[in-house]
Amino acid sequence: MVEKPLKDLSQRTKEFALRIIRVYSSLPTTTLAQVLGKQLLRSGTSVGAHYREASRARSDAEFISKLGGGHQELEESIYWMELMVESNLIRHELLTDLMKEANELSDIFTTCKKKHSKENEFEISHKAQFCKKSHHE
């Protein structure tokens, strides 16, 4: 049951990257467009890579770290898209759905990190309680 959501999110982050690539490809060749576009291209396409790395993590710490990296890239992507709109490089309507998707993915990554951290805190706390009981008996 855990594998299906991972696959779905893996596909969703790949589709996000492909949409970012299409935005970059449609930008004018001005210096401003290329500089901001390359920043967006770099951050937007690395989200899925971070997620894949997280799904193959060898430890809880590595999972949280990789997911955190993907979350940072999402926030950065949102920032670059905001700059593109606010500098009148691209019309807001053209990025509305992509920005919505970036915000939704960001929320999902945040929830995953929090849930995973809470599960680990419970597990550590539970183990600590078990050790205390075993030690005192």
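I take helices (H or I, at least four residues) and strands (E, at least two) as DSSP runs, numbered from the N terminus. The model is a predicted one, in which local features need pLDDT of at least 70 and side-chain atom pairs count only at pLDDT 80 or more, while totals for chains, interfaces and linings use all residues. Residues are numbered from 1 along each chain as its sequence is written, and side-chain values use heavy atoms, with hydrogens and water left out.

I placed Glu82 in helix 3, and at 34% relative accessibility Glu82 counts as partly exposed (buried is under 20% relative accessible area, exposed over 50%, partly exposed in between, with a 1.4 Å probe and protein chains only). I then found Glu82 in a surface patch of negative charge, together with Glu75, Glu86 and Asp107; such patches join like charges within 9 Å, from residues with over 30% relative accessible area and no salt bridge (a side-chain nitrogen of Lys or Arg within 4 Å of a carboxyl oxygen of Asp or Glu). Helix 3 (residues 60-86) gives the largest share of this patch, three residues.

Aromatic pairs. I noted two of them, where ring centres of Phe, Tyr and Trp (its six-membered ring) must lie within 6.5 Å, and planes under 30 degrees apart count as stacked, over 60 as edge-to-face and the rest as tilted. Tyr51 and Phe109 make a tilted pair, at 5.9 Å centre to centre and 50 degrees between the planes. Because Tyr51 lies in helix 2 (residues 31-55) and Phe109 in helix 4 (residues 92-136), this pair ties together parts that are 58 residues apart in sequence.

Technical notes. Patches are made of residues with over 30% relative accessible area and no salt bridge: like charges are joined within 9 Å, nonpolar side chains (Val, Leu, Ile, Met, Phe, Trp, Tyr) within 5 Å. Accessible areas come from the Shrake-Rupley method with a 1.4 Å probe; for residues, only the protein chains shown count as cover. Lys and Arg count as positive and Asp and Glu as negative; His and the chain ends are not counted. The place of a charge is taken as NZ of Lys, CZ of Arg, CG of Asp or CD of Glu.
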